[in-house]
Amino acid sequence: MPIYLDYNSTTPVDRAVLEAMLPYFADNFGNASSIHSAGQRGRAAVDAARDSVAALIGAKPAEIVFTSGGTEADNLALFGAVAASNQTRKHIITTAIEHHAVLNAAQALEKQGVEVTFVPVGASGIVDPEDIRRALRPESILISVMHANNEIGTIQPIEEIGRIAAEADVYFHSDAVQSAGKLPLDVNRLGVDFLSLSAHKIYGPKGVGALYVRAGTPLEPQFYGGHHERDQRPGTENVPGIVGLGNAAELANENLTGDVLQLAILRDRLERALVGSLPSVRINGDAKWRIPNTTNLAFAGASGESLVIALDLQGVACSTGAACSSGAVEPSHVLLAIGLSPDDARSSLRFSLGRTTTSDEIESAIEIIPAAVERLRALSPLSASATAVNAR
């Protein structure tokens, strides 16, 4: 059986989630905006899902806006917050290791005349909150810092940044797509005004997500049409997808403690075995402050893309980084931002575990991966010049 170790890219739809969704494709197909009984069954399902998503993050149901996924949620937060500001000069702050849904949105805003500060991170992959404070200006209107990084898993000090944002009276957005279901989330404790999440990272369907918008926070819609989602995101609701997201959020809440413990045990077993059995392997990012399912390792002297292909042929699915960037030839912007050389960045793999990962799968991976690395190192011109690096 294939060994799937790419859960940060996407997760399988939980069978219980699928069963909850199925009636809304055919039997309960009504438009949730219709006032007849078929439509009201759809509306009730959407409202129940809104309750479940709100419960996952400690929000009020009325603060949840359903979207097509994490990317749209991120874009709505950034573009919507900027458009809602009446300041003449506008400045936003983000970090160098954000997902491209935030980075590319920020770069697009730059082209519209918005000033953007991209705060660097250190070798740990964690931003210093004081660097965020120092980046603030009188014209700053928004800070956007992801909760957990999708490539190296590092957890950012969101609560401290939230306090800084509140003191400066600046709105605060966090992309929590990778932390939802892996870390406890409470929007009030975190101090965020906006928070993004996506169903397909928590065993729900692709194509649906949500943006938390704190009550009273101004947000300009980016689409125009009907009055859906309280005028913040028009368009006929994807009722089956929203039901799936709601059900997945419920399961994430129920399974959080057990999932975190089991994932950390299996991740650490895999990581220790690979670092211990192979020379010149290092852990990318902070080894402590990271989500429990993720390890990112640099295998000096081996091509990461070649490793992904070689491992796939042997039944192990992993990634060189963000799935959205898998077609790119340039090294990971996250790994470059934490100080890796382009060669070391290109030699890195991300292994991300999930709820269905078993100890037997990890033991099999421990047998397969070192042999594949050694074979590629023997064939690679990089191996002769690779500088040994130690795991930390």
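# A tour by selection

At 2% relative accessibility, Ala 210 counts as buried (under 20% relative accessible area; exposed is over 50% and partly exposed in between, with a 1.4 Å probe and protein chains only). This is a predicted model, in which local features need pLDDT of at least 70 and side-chain atom pairs count only at pLDDT 80 or more, while totals for chains, interfaces and linings use all residues. Residues are numbered from 1 along each chain as its sequence is written, and side-chain values use heavy atoms, leaving out hydrogens and water.

**Stop 1: Ala 210 and Leu 195**

Select Ala 210, which sits in strand β8. Helices (H or I, at least four residues) and strands (E, at least two) are DSSP runs numbered from the N terminus. Neighbours within four places in sequence aside, Ala 210 is in contact with Val 53, Ile 64, Val 65, Phe 66, Thr 67, Ala 73, Leu 195, Ser 196, Leu 197 and Leu 245; contact means heavy atoms within 4.5 Å. For a distance check, pick Glu 220: it is 10 residues from Ala 210 along the chain, and the C-alpha atoms are separated by 16 Å.

Next, select Leu 195. With neighbours within four places in sequence left aside, the contacts of Leu 195 are Ile 57, His 173, Ser 174, Ala 176, Val 187, Leu 190, Ala 210, Leu 211 and Tyr 212.

**Stop 2: the nonpolar cores**

Which residues have the most contacts inside the largest nonpolar core? They are Ile 57, Ile 64, Phe 66, Ile 143, Leu 195 and Leu 245, in a core of 55 residues. A nonpolar core is a set of buried Ala, Val, Leu, Ile, Met, Phe, Trp, Tyr and Cys residues joined through side-chain atoms within 4.5 Å. Helix α9 (residues 239–277) gives the most to this core, with 8 residues. Another core, of 30 residues, lies apart from it, and includes Leu 270, Val 281, Leu 307 and Ala 365.

**Stop 3: α2 against α9**

Show helix α2 (residues 37–57) together with α9: their axes come within 8 Å and cross at roughly 35°. Axes are lines fitted to C-alpha atoms, for helices over the stretch in contact, and angles run from 0 to 180 degrees between N-to-C directions. α2 passes α9 in a left-handed crossing (the near helix is turned anticlockwise from the far one by less than a right angle; right-handed if clockwise). On the α2 side, select Gly 42, Ala 45, Val 46, Ala 49, Ser 52, Val 53, Ala 55 and Leu 56; they meet Val 239, Ile 242, Val 243, Leu 245, Gly 246, Ala 249, Glu 250, Ala 252 and Asn 253 in α9. By class, this contact of α2 with α9 has 12 nonpolar, 4 polar and 1 charged residues. Here Ala, Val, Leu, Ile, Met, Phe, Trp, Tyr, Cys and Pro count as nonpolar, Asp, Glu, Lys and Arg as charged, and the others, Gly among them, as polar.

**Stop 4: Leu 266**

Stay on helix α9 and select Leu 266. Is Leu 266 buried or exposed? Leu 266 is buried, with a relative accessible area of 6%. Not counting residues up to four places away in sequence, Leu 266 touches Leu 353, Thr 357, Thr 358, Ser 359 and Ile 362.

**Stop 5: α10 against α13**

Select helix α10 (residues 304–313) and helix α13 (residues 359–379), whose axes come within 10 Å and cross at roughly 130°. α10 and α13 are therefore oblique to each other; angles under 35 degrees count as roughly parallel, over 145 as roughly antiparallel, 65 to 115 as roughly perpendicular and the rest as oblique. The crossing of α10 past α13 is right-handed. Ser 306, Leu 307, Ala 310 and Leu 311 of α10 make the contact with Ile 368, Ile 369, Ala 372, Val 373 and Leu 376 of α13. These contact residues divide into 8 nonpolar, 1 polar and no charged.

**Stop 6: the β7–β8 loop**

Move to the loop between β7 (194–198) and β8 (209–213), and select Lys 206. Lys 206 is exposed, with a relative accessible area of 58%. Residues up to four places away in sequence not counted, Lys 206 touches Thr 10 and His 200.

Tyr 203 is in the loop between β7 and β8. Tyr 203 is buried, with a relative accessible area of 10%. Phi of Tyr 203 is near 70°, a positive value in a residue other than glycine. Most residues other than glycine have a negative phi.

**Last stop: Ser 280**

Finish in the loop between α9 and β9 (281–283), where Ser 280 lies. Ser 280 is not a glycine, yet has a positive phi of about 55°.
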